[in-house]
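Here's a quick briefing to read alongside the model. Have the viewer open and follow along.

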Amino acid sequence: MLTTTTCPLYYGKARISVEVPTANLIGIIDPREAKIQEDEFTILRQALQNPIALPPLKELAQPGQKVAIVVDDNTRPTPTWKMLPLILAELETAGVQKEDITIVFANGSHRLQTREEQARLVGEEVMANYRVTDHNPHDKSTLTYLGQTSRGTPVHINHYVAEADLRILTGLIKPHCEAGYSGGGKAILPGVSSIETIISDHNYEANANPNAVFGVIDGNPIRSDIEDAAHLVEPCFILNVILDKEKRIVDAVAGEMIKAHRVGTQKLDRLVRVAVPEVADIVIAGCSYPTSVSLYQAANAALACTRLVHPIVKKGGIIILAAPCPEGVGGGPLYQLMSEAATPQEVVDKIAQPGFFLHDQWAAQLWATSLIHSDVYLVAEGITPEQARNMKAALYTSVEAALKAALTAKGRQARILVLPDAPYTIPELTV
């Protein structure tokens, strides 16, 4: 009788499980449990009261100053509604008037928020008492030019942020497939930058760099470009949080944009860098909400297996990506670029052409590059069979069906890894 191991898996807002043959299972690669010693608000207060390399906000801010607070959009699980009241209280103590404060959603190239989404993210009381606005990277009338980065990226950012006397960048530090980690200066670029700035920062050469992967900062051209851009609008005070598997705040850092962010990445690493003893034939990659809202976002689950210093799935292996994707593929031209090409390699070759410049080209480049390395079996109720084919993936109705097909393709001895929530993990191959 075949012995199986029940493996947990995140599927959007749901928790599911999959039975994996025990003899085939290498392991379940999950972040470590955080030792929570304080409640969330105490963690936030302690970070704000003890910032790194900058004075506390109540000393840094001055009466009469214009302050821009940059916050995450609905593609991140950042608990902004918990963070804002403490930030606003510090500003009030400093004598900053409500009418001088603007809260800007760092949408980057993502869609704008609905009124309901805005209220859910920042809270109804904040919506009623402060100026809250979406950043639109396509609206040139709302952008201010600041100069160029050392890489030559032209930096156009939201005028509320550019014209502020003080900028407070909130966010979440999590693994990121291009910048190494989210958080820090990403609130500026891509958060409140123009589409031209974003495309230049995310260009083919930068994304093809071997250091532009999960968990790498040193030598990462995308991270360095981000921080060059953010330095054009100093001072920037950050408040970044670290979340556990249940999306609870377990740590936070505040202060100077780079120094505080680096401390935060070290704290995160202690939770999410997990050793992997061998390369797998098959990886089952779960994806939690809100990264699971579209394939554009959920692609991070597949990238978490391939876009690493050392991929954890074999060349020619299979990634089973489980995410509901209620918003479908998402991401505008991503689908166009993939569906117009005959193969993933054709997509990469097209983007690599000198002068090629299109919104979402980075998403298509990363997805296609991952497909060149490994096949992707999708379990996503929001994706149609035609969409899956055009995205060069196979679609299955369940993780069990996908695993059965993968084992047929790779053989009964195939080695399997399970990443319950792949985008929030940095798997490190140890051999």
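What follows covers the overall picture, then the helix packing, then some local spots.

This is a predicted model, in which local features need pLDDT of at least 70 and side-chain atom pairs count only at pLDDT 80 or more, while totals for chains, interfaces and linings use all residues. Residues are numbered from 1 along each chain as its sequence is written, and side-chain values use heavy atoms, with hydrogens and water left out.

**Overall picture**

- The protein chain has 16 helices and 20 strands; these are DSSP runs numbered from the N terminus, helices being H or I with at least four residues and strands being E with at least two.
- Along the principal axes, the C-alpha trace spans about 70 × 50 × 40 Å.
- Of the 431 residues, 61% count as buried (under 20% relative accessible area, with exposed being over 50% and partly exposed in between, using a 1.4 Å probe and protein chains only).
- Look at contacts (heavy atoms within 4.5 Å) with a separation of 6 or more, and 76% of them come from residues 24 or more positions apart.

**Two helices against H14**

- Helix H13 (residues 344–351) packs on helix H14 (residues 361–373) at an angle of about 140 degrees, with the axes 8 Å apart. Axes here are lines fitted to C-alpha atoms, for helices over the stretch in contact, and angles run from 0 to 180 degrees between N-to-C directions.
- H13 and H14 are therefore oblique to each other (under 35 degrees would count as roughly parallel, over 145 as roughly antiparallel and 65 to 115 as roughly perpendicular, with the rest oblique).
- The crossing of H13 past H14 is left-handed, a label used if the near helix is turned anticlockwise from the far one by less than a right angle, with right-handed used if clockwise.
- On the H13 side, Pro344, Gln345, Val347, Val348 and Ile351 meet H14 residues that include Ala364, Ala368 and Leu371. The residues of this H13–H14 contact divide into eight nonpolar, four polar and no charged (nonpolar means Ala, Val, Leu, Ile, Met, Phe, Trp, Tyr, Cys and Pro, charged means Asp, Glu, Lys and Arg, and the others, Gly among them, are polar).
- Helix H12 (residues 333–340) also meets H14: their axes come within 8 Å and cross at roughly 45 degrees. H12 and H14 are therefore oblique to each other, and the crossing is right-handed.
- From H12, Leu334, Leu337 and Met338 touch Gln361, Ala363, Ala364, Trp367, Ala368 and Leu371 of H14. By class, that contact of H12 with H14 has eight nonpolar, one polar and no charged residues.

**Buried spots**

- Which residues of helix H4 (residues 115–122) are buried? They are Glu117, Gln118, Ala119, Leu121 and Val122.
- The cover over those H4 residues includes strand E4 (67–72), helix H3 (80–93) and helix H5 (124–129).
- Leucine 91 sits in helix H3 and counts as buried, at 0% relative accessibility. Beyond its neighbours within four places in sequence, leucine 91 contacts Ala61, Val67, Ile69, Val96, Ile101 and Ile168.

- Most residues other than glycine have a negative phi, and most peptide bonds are trans.
- The peptide bond from leucine 189 to proline 190 is cis, with omega near 15 degrees. Proline 190 is in the loop between strand E11 (180–181) and helix H7 (195–201).
- Another cis bond runs from glutamate 234 to proline 235, with omega near 0 degrees; proline 235 is in the loop between helix H9 (221–230) and strand E12 (236–243).
- Aspartate 360 has a positive phi, near 80 degrees. Aspartate 360 lies in the loop between H13 and H14 and counts as buried, at 1% relative accessibility.
- Lysine 392 has a positive phi too, near 65 degrees, and is in the loop between helix H15 (385–390) and strand E18 (394–395). Leaving aside neighbours within four places in sequence, lysine 392 has contacts including Met338, Pro344 and Leu371.
- Glycine 123, which follows H4, has a positive phi near 100 degrees.
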